[in-house]
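Biologist: I would like to learn how to read a structure feature by feature, with the cut-off behind each term. Could we begin with the charged pairs and work towards the interior?

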Amino acid sequence: MIDLVNVTKSYGKGLPAVNQVNLHIKQGEFVFIVGSSGSGKSTLIKLLLKELDSTSGEIIVGGERLEGMKHRRVAKYRRRLGVVFQDFRLLKDRNVYENVAFAQRVIGRPTRVIRRRVPEVLQQVGLAGKYKSRTDELSGGEQQRVALARAIVNRPDILLADEPTGNLDPNTSEEIMKLLEQINELGTTILVVTHNREIVNSMHKRVVTMHDGVIVSDEEKGEYHEA
């Protein structure tokens, strides 16, 4: 599903942010990318989102080569990805239903499809009763659930989560990770960037550790060790 072959990303002089990275993720996997601040984790996500172009190497996602992808193609490519961020990035002036429906309207889904699909996905993330609530009336955990619903409403092949529990307390973080696990069990490939050692070590998933732009370990059912 995701193939990085000798990928390097440099921002100028000094050490590259990502340096000769090789990473292969199969369809349906759940993978943690861990490492200290500045290790290259976020740059890796931006490369996969096509927010950045690699300096060298090959990135292939779902059979599509990202190098040289035409600008008009990028938006269509991104529709195959769901993305969740630490800061939720919700539309403050719209309610829960509208935040999730927005992701469907952007890609031209008909209203009848939206009316069926949005309640389904809100039920899935445990927010069926909050569909009329404004997002600023919700707790941090509920806001992240809305962000998750929005990310999966279009049934993406891949879900990228960049520090999804960074602003949440331990109990809420655990609930969000259980939701991600359920989404993964339905077939979505999941990539989670995090520095939350407790969560990583409790879930026994594949763990890829980065340090100074390099992958220093890649373990099935791994743990988060300091590099």
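Modeller: Take Asp-136 first, which forms a salt bridge with Arg-134, the closest N and O atoms being 2.8 Å apart. The term salt bridge requires a side-chain nitrogen of Lys or Arg within 4 Å of a carboxyl oxygen of Asp or Glu. Please keep in mind that this is a predicted model, in which local features need pLDDT of at least 70 and side-chain atom pairs count only at pLDDT 80 or more, whereas totals for chains, interfaces and linings use all residues. Residues are numbered from 1 along each chain as its sequence is written, and side-chain values use heavy atoms, with hydrogens and water left out.

Biologist: Where do the two partners of the salt bridge between Lys-130 and Glu-142 sit in the chain?

Modeller: The closest N and O atoms of Lys-130 and Glu-142 are 3.3 Å apart. The pair links distant parts of the chain, with Lys-130 in the loop between H4 and H5 and Glu-142 in helix H5, twelve residues apart. Helices (H or I, at least four residues) and strands (E, at least two) are DSSP runs, numbered from the N terminus. Lys-130 is partly exposed at 31% relative accessibility, whereas Glu-142 falls among the buried residues at 18%.

Biologist: How many residues does helix H5 have, and what span does it reach?

Modeller: H5 covers residues 140-152, which is 13 residues, and reaches 19 Å from its first C-alpha to its last, close to the expected 18 Å. The expected span is 1.5 Å times one less than the number of residues. H5 is mostly covered, as twelve of its 13 residues are buried, including Arg-145, Val-146 and Leu-148. Among the elements that cover them are strand S6 (81-85), helix H3 (96-106) and helix H6 (170-185).

Biologist: What does Val-146 touch, beyond residues up to four places away in sequence?

Modeller: Contact means heavy atoms within 4.5 Å, and by that criterion Val-146 touches Leu-90, Val-96, Asn-99, Val-100, Leu-127 and Leu-138. Val-146 is buried, with 0% relative accessibility. Val-146 and Val-100 are 46 residues apart in sequence, yet 7.0 Å apart in space, C-alpha to C-alpha.

Biologist: Which residues have the most contacts inside the largest nonpolar core?

Modeller: A nonpolar core is a set of buried Ala, Val, Leu, Ile, Met, Phe, Trp, Tyr and Cys residues joined through side-chain atoms within 4.5 Å. The largest one has 40 residues, and those with the most contacts inside it are Phe-32 and Leu-148. Among the elements that give two or more residues to this core are strand S3 (30-34), H5 and helix H7 (197-203), and H5 gives the most, with six residues. Apart from this core lies another, of 28 residues, Ile-2, Val-21, Val-61 and Leu-81 among them.

Definitions and conventions. Buried means under 20% relative accessible area, exposed over 50%, partly exposed in between (1.4 Å probe, protein chains only).
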